[in-house]
Amino acid sequence: MREAKSSDSRNSDQYHWKRVTRPHRHLTTATEVKRVIDLFGGDRSRLLDIAEAVQHRFGSISDEAVKALADGLGMHAVEVEDMVSFYAFLDREPRGRFRVRLSKTPISLMKGAGDVARAFESALAISIGSTTPDGKFTLEWTSDIGMADQEPAALINRMVLTELTPADVPDIIASLRHRSNKGDEPPFPLHPVDGSMLPKAVVKPSLVKAGPLLSGPLGRDDGLRAALSMEPGEVVAVITASKLRGRGGAGFPTGMKWRLTAKAVGSDHYVVCNADEGEPGTFKDRVLLSEFPDLVIDGMTVAGYALGAKHGLIYLRGEYAYLWDMLQDVLANRRSAGLLGTNILGRKGFDFDIRIQLGAGAYICGEESSLLESLEGKRGTPRDRPPFPTERGYLHQPTAIDNVETFACAARILAQGAAWFSGLGTAESTGTKLMSVAGDCSRPGVYEVPFGITVNELLDMVGAPDAAFVQIGGPSGQSVAPKDFGRRIAYEDLSTGGSTMIFGPTRDILDIALQFAAFFVDESCGWCAPCRVGTTLLKQGMEKIVAGRATLDDLKATEALGHTVARMSRCGLGQMAPNPILSTMRNFPELYEARLSPEPFSPRVSLEDALRAAVLIQGRASVPEEA
Amino acid sequence: MAAEPIRFTIDDVEITALEGQSIIEACDAAGIYIPRLCHHPELEPSGNCRVCTCKVNGRNSATCVTPAAHGMSIENNTKELNDDRRMIIEMLFVEGNHPCPYCVASGNCELQALGYRLGMQAPKEVYQWPDRGIDATHPDIYLDHDRCILCSRCIRASRMEDGKTVFGFSGRGITMRLNIDATGGLGETQMAAIDKAARVCPVACIVIKRDSYRVPNGQRRFDLAPIGSDIEARRKQVKS
Ligand SMILES: Cc1cc2nc3c(=O)[nH]c(=O)nc-3n(C[C@H](O)[C@H](O)[C@H](O)COP(=O)(O)O)c2cc1C
Ligand code: SF4
Ligand code: SF4
Ligand code: SF4
Ligand code: FES
């Protein structure tokens, strides 16, 4: 038996945050850290959970805590730090007790996030990025938090606040101050229950239009029961016959993935649900997890049976921590109903259970191999392939990683039959797609549409008669211009994970491309040179363009750099990071031309800026040349 | 049972590889030079720099981390690939501070040598002017972080060869840094000047004190022959 499995026991599966939260005031950092480590069986592959728990207890991971973690786990401090310093939601320095993270996306800014930010700044008398002197509040921006249909949105610790206006801010602050003034300080993370008294601490249901996948009677174990009437191999055959393709963006045939995983040799097989949903503009996985959790877990259990896996893992993005308790309840209910655990539905030897791994603020962890690294308690650096996860995945064992929506489809395919599914959509893209729609439209939300629908049809459906461009597939996807609105949503045409951001005629397309470029700077993992450095250089090139200071040569250089980054980067993030720039250059060349500087050369830095350091040292300014 | 021979072609030259070899290892043995920076023949490959990228069966792949497979068709010495490689070298130049003319590594430095080999002129990209500091706490070694290209060689060498794990990364993206296993500088770690980790840095980030000018400028490794010549010399032997 593998060591690592010991911690997959019930004890830490059902591990409840509150157990670590109750401060033991008399205990030292080292003792507390040791207690947390013991909760996870001293298993270093659980370092992400362990670090989250330490952060949760102390508000940051101090040098002392790093040392205690290293000692307790038999690691070097530099290894602990390597991991901890990677994640946006883990801090090495103490920050405010209440962590206000405002979602910064083109859509949130369109909907007034800038004003909300200023309201927070003035109510707290600090600027964004800093902490109040009393240590109560830290205010900062964060990448898209999966609430594009209800922006401006924010996270305060683990709570989500939506549709914020500047007028809400004083009440929010007052209410948080009131809490922290009561004798017993609240734990660092605020839970949804704690938040119920806060204004705007609600996430609206986002499903606007259900289609065949999400309507009709949906029993919580329909897929599983159908699967159990077959041999595992037949289940894979049904998925293959349905021609289901992965819904996370890449569109790999799911049947093939399952077949490869099932036949790969290993001591264990794993089923992983990718619920990292980090692509800006998408929130359909949040809808599935919050409104149809049983369907998703039914699909995972089907996969467990088909692949002979005993363990399932859900990698839930840190931004969705507010779903934690609810999802744990769903898992617990399924265990008591015999739908998870041992001898499931009375089938001797069919054992399968699921653990939820909470992420910690890293878009790259949605990339399947980074996700595995993160699940193993390491920094989220992608792996080089081969080997593929189907062969060597989680803990080096064969692993099938699928998107949340893919599992929901799998459950329905088993229940309704492959023919039902392949009868929907197009030849290459069977079934339906959940589209997350937001931006300049009157009815944002999640729409279940058949594959093959045109962009125009979708725009009609959501109330966006005057779209000037649509970003399909998030920043990693494509900027679609009106001349292409006749194109179809399908793997054979516009392939997408579902993010659909609509921008009206008054929006500054180049500025939006710049914001997307900045997103990739924040989210590059840094492992490989072309993406680590290239994303920054692309952003700087785009800044110069947007400021109207770029020459034709600058424009060409930025384009060439974009192609190099796309060709040479190690993983999909870097390979797609130049897309917003390159696709707007292709589709809107006239906008770029209009911003060009008339001069043949324009320096990036002004002479004064370049000389600033020298001026400081010399203590006098340079004498300007006579004109 | 004898394994099937692995044969593939690179720029129309046929190569035979051993089971388990990466493309770059097989090509090195055969005397075909693929430009590379983070790869070191005595360390596990890590795929940080992407300079060794070739077109493998029409797809760009880093050859230090791609196993050789039978029937592969590889493009290496093409204008497009060399242009992209040069651009990566240029990115690394502007990411750090690299004043070659007065750098201790000049002539021994692999970054500089690749710049020459790939025909880099003065970088056109924007200098980032980092200020990451120098660590001189160790009696025999100093670290000039502004030269570090984050190739991970020292990390791999310290962990796998020296068994010390003196180095690691911290942060992510453009703020990623080389980090050491002590809060008070390299002097507090187990690092010794005879460690493998002290001998693999391709640039002048990890520098052995009092050793830098043993070989004068002008007579150093890449002053005498371009980077990759040693590998290409093997090809002449293989052919004759
Ligand atoms: C940078 C990057 C981020 C990704 N983020 C996600 C994500 O948040 N959710 C997801 O399901 N897939 C994401 N993917 C795709 C996954 O790597 C993988 O293809 C997917 O989880 C496979 O599941 P599927 O076949 O069901 O689509 C991402 C890929 C890249 C390159
Ligand atoms: S492309 Fe970017 S995200 Fe991917 S490995 Fe390289 S640095 Fe990391
Ligand atoms: S490390 Fe190499 S590239 Fe950098 S300054 Fe020194 S010689 Fe030049
Ligand atoms: S110190 Fe040298 S060997 Fe280590 S990562 Fe930096 S450049 Fe590479
Ligand atoms: S040498 Fe292969 S990636 Fe650096």
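Me: How many residues has the largest nonpolar core?
Reply: In this predicted model, the residues with the most contacts inside that core include A:Val296, A:Val302 and A:Ala408. The largest share of the core comes from H21(A), with 10 residues. The core as a whole has 247 residues.

Me: Which residues does A:Val296 touch, not counting residues up to four places away in sequence?
Reply: A:Val296 is among the residues with the most contacts inside the largest nonpolar core. With residues up to four places away in sequence not counted, A:Val296 touches A:Cys273, A:Leu288, A:Leu289, A:Val404, A:Phe407 and A:Ala408.

Me: How far apart do the C-alpha centres of domain 3 and domain 4 of chain A lie?
Reply: The domain assignment places domain 3 of chain A at 208–422 and domain 4 of chain A at 434–503. Their contact takes 19 residues from domain 3 of chain A and 22 residues from domain 4 of chain A. The C-alpha centres of these two domains lie apart by 26 Å.

Me: Which helix gives the most to the side of chain A that touches chain B?
Reply: On that side, 33 residues of chain A are in contact with 32 residues of chain B. They divide, for chain A, into 15 nonpolar, 8 polar and 10 charged. Helices H6 (77–84), H21 (509–523), H22 (529–546) and H23 (552–568) of chain A each supply at least two residues. The most, 8 residues, is given by H22(A).

Note on methods:
Residues numbered from 1 in each chain as written. Chains lettered and ligands numbered in written order. Predicted model: local features only at pLDDT ≥ 70, side-chain atom pairs only at ≥ 80, totals over all residues. Domains from an automatic or database assignment. Contact = placed C-beta atoms within 7 Å. Helix = DSSP H or I, 4+ residues; strand = E, 2+ residues; numbered from the N terminus. Nonpolar A, V, L, I, M, F, W, Y, C, P; charged D, E, K, R; others polar. Core = buried A, V, L, I, M, F, W, Y, C linked by C-beta atoms within 7 Å. Buried ≥ 20, exposed ≤ 12 C-beta atoms within 10 Å, placed from the backbone.
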